[in-house]
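Please read it alongside the sequence and the model.

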Amino acid sequence: MFDLNKNQKRILMFCTGFFGYDKRIADALREEGYLVDLFDERPGKGFIHKSCIRFNISLYRPIILKYIRSVIEKVSVHRYDYILVIKG
């Protein structure tokens, strides 16, 4: 799946935080020599955030857009070789 010549290959990873698996996967990729930028697919992990997403509350949309803009701003300074989305 990934390039065997992984020196300086960069991965943009989106993953829901679930029992620390997101960090474990990112750390395993880093151990293999990849540069990994990890982001949660959701703007927050708390009860309010989860409830708003599940019940599709339209007032939550500005929070999601603000989070997406902040991610774009952070990643726009890099070029990525791969984008990995887990449980998106």
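The largest pocket has a volume of about 230 Å³, and the second largest pocket holds about 180 Å³. The model is predicted: local features need pLDDT of at least 70, side-chain atom pairs count only at pLDDT 80 or more, and totals for chains, interfaces and linings use all residues. Residues are numbered from 1 along each chain as its sequence is written, and side-chain values use heavy atoms, with hydrogens and water left out.

**Pockets**

- A pocket is an open set of points on a 1 Å grid over the protein atoms alone, where a 1.4 Å probe fits and protein lies on both sides within 12 Å along at least five of seven lines; lining residues have an atom within 4 Å of a point.
- Grid points are joined across faces, edges and corners, and a volume is the space filled by probe spheres set on the points.
- The lining of the largest pocket consists of F14, D40, E41, R42, P43, I53, I64, Y67, I68, V71, I72 and V75.
- Helix α3 (residues 61–75) supplies the largest share of that lining, with six residues.
- By class, the lining of the largest pocket has nine nonpolar, no polar and three charged residues. Here Ala, Val, Leu, Ile, Met, Phe, Trp, Tyr, Cys and Pro count as nonpolar, Asp, Glu, Lys and Arg as charged, and the others, Gly among them, as polar.
- Around the second largest pocket lie T16, G17, F18, E41, R42, K45, K50, I53, R54 and K87.
- The lining of the second largest pocket divides into two nonpolar, two polar and six charged residues.

**Fold and strand pairing**

- The chain contains three helices and three strands, in the order β-α-β-α-α-β along the sequence. Helices (H or I, at least four residues) and strands (E, at least two) are DSSP runs, numbered from the N terminus.
- Strand β1 (residues 10–15) runs parallel to strand β2 (residues 35–39), and five bridges join them; two strands pair if DSSP finds at least two bridges between them.
- Within this pairing, F14 stands opposite F39, while L12 has D37 as its bridge partner in β2.
- β1 also pairs with strand β3 (residues 82–86), in the parallel sense and over five bridges. C15 is placed opposite I86 in β3.
- A right-handed β-α-β unit is made by β1, helix α1 (residues 21–31) and β2. A crossover is right-handed if, with the strands pointing away from the viewer, the path from the first strand over the helix to the second runs clockwise.
- The C-alpha trace of the chain spans about 45 × 30 × 15 Å along its principal axes.

**Burial**

- Of the 88 residues of the chain, 27% count as buried. Buried means under 20% relative accessible area, exposed over 50%, and partly exposed in between (1.4 Å probe, protein chains only).
- Six of the six residues of β1 are buried. R10, L12 and F14 cover one side of that count, with I11, M13 and C15 on the other, and both faces of β1 are covered.
- F55 sits in the loop between α2 (47–54) and α3, where F55 counts as exposed because its relative accessibility is 66%.
- F55 and L35 are 20 residues apart in sequence, and their C-alpha atoms are 36 Å apart in space.

**Aromatic contacts and F19**

- The structure holds five aromatic pairs. Rings of Phe, Tyr and Trp (its six-membered ring) pair if their centres lie within 6.5 Å; planes under 30 degrees apart count as stacked, over 60 as edge-to-face and the rest as tilted.
- The pair of F18 and F19 is edge-to-face, because the ring centres are 4.6 Å apart and the planes are at 70 degrees.
- Ring pairs link F18, F19 and Y21 into a cluster.
- F18 is partly exposed because its relative accessibility is 41%, whereas F19, at 66%, counts as exposed.
- F19 lies in the loop between β1 and α1, and its phi is near 55 degrees, a positive value in a residue other than glycine. Most residues other than glycine have a negative phi.
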